[in-house]
Structure formats: C-alpha cells, structure tokens
Amino acid sequence: MQKEKIGSLNYHGVSKASVNIKLLAPCGLCCGVCGIYYADKNNIEKLKQKLAQSYLTEPEQIKCDGCSSDNKFVYCDSCLIRECVLSKGLSGCHQCTEWPCEKVTNFPFPLAGEYMLKSIPARRERTDKEWVEWEEHNWSCRECGTLAFRGARICGKCRKDCLLYTSPSPRDS
C-alpha cells in the first residue's frame with residue numbers, strides 16, 4: 001500500500017532518512033495521525049469546528065505542530081503525562097518502568113487513554129520509525145490507502161465508510 005500525501009503535505013512523520021521527532025508524543029500517541037494535527041495541516045475548517053466543539057475550545061485553537069514542538073495544541077501543552085515524562089528525563093511513556101500508571105488509565109479523554117494502552121506496547125517493540133509506520137498503517141483507509149487520523153470514520157479521499165480500526169486494538173503489521 002502506497003502512502004499518499006494529503007494536499008502538498010507529507011506530514012506522516014517518517015521520511016526515508018529520519019523520523020520527525022516533533023510528532024512523537026510523550027504519552028504514546030503519534031501526532032502524525034492526530035485529528036488536531038490533521039485538521040490544522042490540511043486546513044479542514046469543518047473538522048476544526050467539530051474538534052473545537054469536542055474539546056470545548058475555538059476553531060482557531062485547532063492548531064499544532066506536534067506534542068514535541070514549540071507549537072502544541074492547548075490541551076497537549078498542559079498535559080500531565082507530558083509533564084511527567086519530561087520530569088523523568090524520558091522521551092515517552094514507552095521508556096517508563098512505572099507504565100501503565102494512573103495518568104494514562106485516568107486520562108481525561110478515555111478513548112485516547114485506551115489508544116495509549118495499545119500503542120505504548122507496540123512502541124516498546126519497535127524503533128521510532130517502525131512505530132510511526134505501524135501507526136500510519138493502522139490509520140490508513142482500507143479501501144484506497146490514504147492516511148487519515150485517529151478516530152476517522154470516512155476516508156477523506158475516496159469518501160467510503162471503510163476506514164481503520166474503530167476500537168483501540170491496532171492491527172499488527
């Protein structure tokens with residue numbers, strides 16, 4: 001399956017040479033398949049409005065360059081998991097000997113917490129590049145192969161209701 005660019009952007013987090021470390025969230029989620037990141041980088045106003053409503057914020061605040069960048073989404077900027085990881089001198093929960101902890105199991109967005117519980121073990125078993133590729137594989141349209149975002153239900157390219165896993169149990173690759 002060929003990975004596609006969305007518009008003129010190749011935001012997947014992986015190039016042939018390296019991984020975009022700004023897209024490796026400390027919590028164990030891959031920013032390259034985050035709805036906030038996707039809506040921002042592809043300038044999808046309708047999705048920004050939906051996300052703003054879900055996060056009780058304004059559409060103008062739906063912007064992010066990744067959790068490890070200087071331009072984080074407002075919630076990610078104040079994330080307790082991120083603070084914990086950084087205070088321990090780690091790059092992510094996948095390196096922590098105390099994982100899983102209550103910060104993950106009691107995450108304020110339960111579905112994201114469930115995805116973390118599936119993603120972190122996968123990250124422990126893979127290099128950063130392999131893990132990002134695994135995440136992208138899990139969040140690509142089954143029909144046409146276009147990369148979408150975590151939680152998407154309809155493919156932005158082929159518009160088919162053929163997307164992704166809909167529960168937090170990423171498929172193996």
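Helix α4 gives the most to the lining of the largest cavity, with three residues. Here helices (H or I, at least four residues) and strands (E, at least two) are DSSP runs, numbered from the N terminus. The structure is a predicted model, in which local features need pLDDT of at least 70 and side-chain atom pairs count only at pLDDT 80 or more, while totals for chains, interfaces and linings use all residues. Residues are numbered from 1 along each chain as its sequence is written, and side-chain values use heavy atoms, with hydrogens and water left out.

The cavity makes a friendly place to start. A cavity is a set of points, on a 1 Å grid over the protein atoms alone, where a 1.4 Å probe fits but cannot get out, and its lining residues have an atom within 4 Å of a point. Grid points are joined across faces, edges and corners, and a volume is the space filled by probe spheres set on the points. By this rule there are two cavities of 30 Å³ or more, and the largest has a volume of about 70 Å³. Its lining is formed by Ile81, Cys84, Val85, Lys88, Cys93, Cys96, Trp99, Cys101, Lys103 and Val104. Both α4 and α5 (102-105) supply at least two residues each to this lining. By class, eight of the lining residues are nonpolar, none is polar and two are charged; Ala, Val, Leu, Ile, Met, Phe, Trp, Tyr, Cys and Pro count as nonpolar, Asp, Glu, Lys and Arg as charged, and the others, Gly among them, as polar.

Of its 173 residues, 47% are buried, where buried means under 20% relative accessible area, exposed over 50%, and partly exposed in between (1.4 Å probe, protein chains only). Among contacts (heavy atoms within 4.5 Å) with a separation of 6 or more, 52% are between residues 24 or more positions apart.

Val104 is found in helix α5 and is buried, with a relative accessible area of 1%. Leaving aside neighbours within four places in sequence, Val104 is in contact with Ile81, Cys93, Trp99, Gly113, Met116 and Leu117. Val104 and Ile81 are 23 residues apart in sequence, yet their C-alpha atoms are 7.3 Å apart in space.

Helix α6 has 15 residues and reaches 22 Å from its first C-alpha to its last, close to the 21 Å expected at 1.5 Å a residue; the expected span is 1.5 Å times one less than the number of residues. Its buried residues are Ala112, Gly113, Tyr115, Met116, Ser119, Ile120, Ala122 and Arg123, and what covers them includes α4, α5 and α7. In α7, the buried residues are Trp131, Val132, Trp134, Glu135, Glu136 and Asn138, with α6 included in what covers them. Not counting residues up to four places away in sequence, Trp131 touches Leu24, Gly28, Leu29, Cys30, Ser119, Ala122, Arg123 and Arg126.

The backbone also holds some details to look for. Most residues other than glycine have a negative phi, and most peptide bonds are trans. Trp99 and Pro100 are joined by a cis peptide bond, with omega about -5°, and Pro100 lies in the loop between α4 and α5. Gln95 has its place in the loop between α4 and α5 and is partly exposed, with a relative accessible area of 39%. The C-alpha atoms of Gln95 and Val85, ten residues apart along the chain, are separated by 8.9 Å. Asn43, in the loop between α1 and α2, has a positive phi of about 50° although it is not a glycine. Arg159, in the segment after α7, has a positive phi of about 65° although it is not a glycine; Arg159 is exposed, with a relative accessible area of 58%.

Note on methods:
1 Å grid on protein atoms, 1.4 Å probe; cavity = no way out; pocket = protein on both sides within 12 Å on 5 of 7 lines; lining within 4 Å.
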